[in-house]
Amino acid sequence: MFDRTLETLGPDRLRDHQWRRFRAMAAELFATNRFVTRKWRAAGIGSADDLRGWDDFRRIPLTSKSELVADQAAHPPFGTNLTYPLERYVRVHQTSGTSGAPLRWLDTQESWEWWARCWGFVLRGAEVGPADRVFFPFSFGLFIGFWAGFEGARALGALTIPGGGQDSPTRLTWMEALGATVLVCTPSYALHLVEVARERGVDLSRLSVRTTVHAGEPGAGIPAVRARIEAGWKARTFDHGGMTEMGAYGYECAEQAGLHINESEFILEVVDPATGLPATDGELILTNLGRAGSPVVRYRTGDHVRLARGACGCGRTFARLDGGILGRLDDMLIVRGVNVFPAAIEGVVRRFSAIEEFQIEVFRDGELDEVRVLVELDDAAGVPRVQEALRATLGIRLEVAAVPARSLPRFDLKARRVVRKIAPQNAV
Ligand SMILES: [Zn+2]
């Protein structure tokens with residue numbers, strides 16, 4: 001474990017630990033953080049002294065991404081969710097903007113160290129240690145995830161290998177030459193590297209990679225995606241949960257019995273998205289405890305999750321999300337009255353080893369979504385099998401069409417496989 005004391009705290013001590021940290025952070029934020037203070041005062045919380053316990057915590061209004069985006073638009077470039085003068089901040093990153101305008105986020109020295117620490121939990125969960133050589137095939141741009149992962153690997157004492165500024169074949173060459181044992185990238189990019197290796201005749205079993213850790217997309221939590229990455233790399237694949245504005249909040253242990261939430265650094269809630277009331281199956285709400293300079297409190301992540309509180313075989317007491325992130329609530333499609341998550345479609349398509357890449361076309365017809373799944377298959381005879389597997393899993397018949405191999409886009413960061421179209425091109 002990364003921090004055995006914290007990762008095995010009993011429930012009461014864990015709640016006390018969280019409350020102490022939250023209360024100290026609240027005192028720090030009040031008055032100087034305009035975004036938080038304005039929001040809390042509107043809810044009748046006039047000072048940190050009004051926060052006396054968990055009932056008061058639950059009076060704090062939820063925060064949504066759209067509020068943060070609107071705040072930054074009104075107060076460019078960084079918005080008002082800042083607790084300290086700008087000179088205290090040392091790093092700026094931004095979200096990918098896959099769902100709307102990108103959010104910029106600032107970190108202080110302290111919160112950047114905290115990010116590294118949070119990634120320490122992620123990497124130790126995947127049993128990465130000081131003897132490992134961790135390769136990051138990442139362009140080291142504005143996206144925070146792999147910067148923080150890089151810092152986390154360093155904090156653990158592993159050898160960190162920056163893989164920026166290289167094409168995929170060069171990255172494979174360097175991974176082999178430097179003896180990389182761990183690959184950290186998006187699930188899509190791990191699969192892309194498998195494809196590149198195959199095309200170039202590179203035998204991945206010659207490399208020393210034994211573990212892959214994924215960020216940036218939920219794919220590694222989808223069993224069929226995980227199985228494909230593991231088969232391609234002859235390695236064990238671990239998922240992780242994180243967001244630019246929140247931090248690296250979740251990780252898998254060797255049991256791989258869901259995504260542990262790092263409850264020493266984050267407060268976890270799950271609510272019914274319609275009512276805001278506590279639920280077991282619903283929207284993931286998180287509060288970070290180590291980023292006082294730019295905090296998010298009771299944040300609506302938009303992620304659909306199922307909470308599991310039972311003991312884990314690894315000995316950690318942190319709660320788990322059963323099946324990881326199940327999907328984005330705002331990605332949910334309603335096809336002929338049936339709720340369909342793109343992640344569920346991916347979970348079926350990835351079972352077919354002949355399909356390298358796929359795309360989900362969504363057509364809006366009045367109030368209704370209609371979906372066509374494009375799959376890279378040279379032999380269209382495979383289409384009915386894919387369609388039948390989708391029907392068996394989702395309970396609905398979707399149109400499936402074969403397209404030539406390598407005709408769909410590849411991604412190294414944040415795959416965009418759902419494409420919205422105005423009107424059907426073919427009758428469904
Ligand atoms: Zn565990």
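Predicted model: local features only at pLDDT ≥ 70, side-chain atom pairs only at ≥ 80, totals over all residues.

Start by selecting proline 77, which sits in the loop between α5 (65-74) and β1 (89-94).

Next, hop over to alanine 31, in the loop between α2 (11-29) and α3 (34-42). Check the backbone angles here, and you'll find that phi of alanine 31 is near 85°, a positive value in a residue that isn't glycine.

Time for some empty space. Rolling a probe the size of a water molecule over the atoms shows where such space is left. How many cavities of 30 Å³ or more does a search of the whole structure find? The search turns up 2.

Take the largest cavity first, with a volume of about 60 Å³. To see its lining, select Phe35, Val36, Lys39, Trp40, Ile60, Pro61, Thr63, Asn81, Pro295, Val296 and Val297. Colour them by type and you get 8 nonpolar, 2 polar and 1 charged.

Now for the second largest cavity, which holds about 40 Å³ of space. Its lining is made of Gln72, Phe78, Asn81, Leu82, Arg104, Trp105, Leu106 and Ser294. Which strand gives the most to this lining? That's β2 (residues 104-108), with 3 residues. By type, the lining of the second largest cavity splits into 4 nonpolar, 3 polar and 1 charged.

On to the helices. Show α8 (residues 168-178) and α9 (residues 187-200), and turn the model until you can see both axes: they come within 10 Å and cross at roughly 90°. The two helices are therefore roughly perpendicular to each other. To see where they touch, select Ser168, Pro169, Arg171 and Leu172 in α8, then Tyr189, His192, Leu193, Val196, Ala197 and Arg200 in α9. The residues in this contact comprise 6 nonpolar, 2 polar and 2 charged.

Last stop: rings. The structure has 19 aromatic pairs. For one of them, select phenylalanine 140 and phenylalanine 150: their ring centres are 5.4 Å apart and their planes lie at 80°, so this pair is edge-to-face. Phenylalanine 140 belongs to the loop between β3 (133-136) and α7 (145-156), while phenylalanine 150 is in helix α7, so the pair ties together parts 10 residues apart in sequence.

Technical notes. Residues numbered from 1 in each chain as written. Heavy atoms only, no water. Axes fitted to C-alpha atoms, helices over the stretch in contact; angles between N-to-C directions. Helix = DSSP H or I, 4+ residues; strand = E, 2+ residues; numbered from the N terminus. Parallel < 35°, antiparallel > 145°, perpendicular 65-115°, else oblique. Contact = heavy atoms within 4.5 Å. Nonpolar A, V, L, I, M, F, W, Y, C, P; charged D, E, K, R; others polar. 1 Å grid on protein atoms, 1.4 Å probe; cavity = no way out; pocket = protein on both sides within 12 Å on 5 of 7 lines; lining within 4 Å. Points joined across faces, edges and corners; volume = space filled by probe spheres on them. Phe/Tyr/Trp six-rings, centres within 6.5 Å; stacked < 30°, edge-to-face > 60°.
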